[in-house]
Amino acid sequence: MDTVSKYGATDWNEDIKKGNGGGPKLGKDDFLKLTKARNKVRVIGKPHQYTFHTFKAEGEAGFGVKIGCSLTEDCPLCLLGKDFMAKGEEEKGKLLKQKFHWYVPVIDRESKMSKILDIGPQIYEDIKRHNNNPEWGSPETYDLEIVVNKSDPKNYYKTDPLPST
């Protein structure tokens, strides 16, 4: 049985277990959830950007679901979001607006396990600022502490570099 994953174009006759779906399955334990006030991590690779839309059915509780953006001028969800904004339905339009996030491979210092951290622009910009600071440089050379401040939505996340001990 061929277990090699394929990337890119395939044809409609591919067995899904051998095609793009044949790679390793990721579960909730593979991702780091920032639930504590202070989270200590070490970045171990480059960020991988992805874009998505958030869809939430009317009256549905929670945050909705992430749907990947097609990154084209005629992306149906981008167009729908713009249509809502034009009609004055800003809440629906903002929800469907294209969003940018990054997957970052990290070592979670608490569990001592490698994990994937899904970050938004606030954490990304903090890490980028430390990376561009000559005193710190690449975040792969020091630990970071990501502080979750639930009482301040504008500064919900704060990322501080930690000196080596």
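This report walks through the fold, the pockets and some salt bridges of a predicted model.

## Basis and fold

Local features here need pLDDT of at least 70 and side-chain atom pairs pLDDT 80 or more, while totals for chains, interfaces and linings use all residues. Residues are numbered from 1 along each chain as its sequence is written, and side-chain values use heavy atoms, without hydrogens and water.

The protein has three helices and seven strands (DSSP runs numbered from the N terminus: H or I of at least four residues for helices, E of at least two for strands). Along the sequence they follow the pattern β-β-β-α-α-β-β-α-β-β. Of the 165 residues, 28% count as buried (under 20% relative accessible area; exposed is over 50% and partly exposed in between, with a 1.4 Å probe and protein chains only).

## The largest pocket

Let's start with the largest pocket, at about 1200 Å³. A pocket is an open set of points on a 1 Å grid over the protein atoms alone, where a 1.4 Å probe fits, with protein on both sides within 12 Å along at least five of seven lines; lining residues have an atom within 4 Å of a point. Its volume is the space filled by probe spheres set on the points, which are joined across faces, edges and corners.

Of the 27 lining residues, Phe-63, Lys-66, His-101, Asp-118 and Tyr-157 are the closest to the centre. Two or more lining residues come from each of β2 (48–55), β3 (65–68), β4 (99–108), β5 (113–119) and α3 (121–131).

Lys-66 and Asp-118 also form a salt bridge, with their closest N and O atoms 2.8 Å apart (a side-chain nitrogen of Lys or Arg within 4 Å of a carboxyl oxygen of Asp or Glu). This pair links distant parts of the chain, Asp-118 in strand β5 and Lys-66 in strand β3, 52 residues apart. Asp-118 is partly exposed at 27% relative accessibility, and Lys-66 is partly exposed at 44%.

## The second largest pocket

Next comes the second largest pocket, with a volume of about 300 Å³. It is lined by 13 residues, and the closest to its centre are Lys-56, Ala-57, Glu-58, Lys-92 and Leu-95. Helix α2 gives the largest share of this lining, four residues.

Here too, a salt bridge joins two of the central residues: Lys-92 and Glu-58 meet at 3.4 Å, N to O. Lys-92 sits in helix α2 and Glu-58 in the loop between β2 and β3, 34 residues apart. Glu-58 is exposed at 72% relative accessibility, whereas Lys-92 is partly exposed at 34%.
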